[in-house]
Amino acid sequence: MVFTWRCLLPQTATTPTHLTRSSHAVSYVAATNTLYLYGGENQPRIPVDNVLYSFSLSDPAAGWAPVAASSSLVPPERIAPGMVAVDETLYVLGGRQGITV
């Protein structure tokens with residue numbers, strides 16, 4: 001199998017800093033052809049936010065967009081969480097909230 005790398009949305013000087021992160025989780029939902037991003041850090045051991053972002057692979061120019069929560073049960077901000085998509089449901093597991101685990 002041969003893979004080809006392609007930049008869908010180049011980082012520029014105007015890219016919001018909250019989207020430049022490491023130690024995050026990304027999952028793909030095939031039914032909507034969408035990537036979902038959660039958690040991470042852009043400074044060591046400081047979680048960025050607890051916002052779930054979506055990125056449509058059908059319309060990459062639209063960029064990353066926050067997803068509205070369907071309930072008040074939103075996980076806390078996390079560094080290095082695990083996230084998996086099962087059908088159209090996302091599950092977030094583990095991670096840490098800063099220096100403490």
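Strands are DSSP runs of E with at least two residues, and helices are DSSP runs of H or I with at least four residues, each numbered from the N terminus. The model is predicted, so that local features need pLDDT of at least 70 and side-chain atom pairs count only at pLDDT 80 or more, while totals for chains, interfaces and linings use all residues. Residues are numbered from 1 along each chain as its sequence is written, and side-chain values use heavy atoms, with hydrogens and water left out.

Q: Which residue in strand 2 stands opposite Tyr 28?
A: Strand 1 (residues 25-29) and strand 2 run antiparallel and are joined by 5 bridges, where pairing requires that DSSP finds at least two bridges between two strands. Within strand 2, the residue opposite Tyr 28 is Leu 35.

Q: What is the bridge partner of Tyr 36 in strand 5?
A: Strand 2 (residues 34-38), with 4 of its 5 residues buried, also pairs with strand 5 (residues 53-56) in the antiparallel sense over 4 bridges. In strand 5, Tyr 36 has as its bridge partner Ser 54.

Q: Is Asp 87 buried or exposed?
A: Asp 87 is found in the loop between strand 7 (82-86) and strand 8 (89-93), and its phi is positive, near 55 degrees. Because its relative accessible area is 69%, Asp 87 counts as exposed.

Definitions and conventions: Buried means under 20% relative accessible area, exposed over 50%, partly exposed in between (1.4 Å probe, protein chains only).
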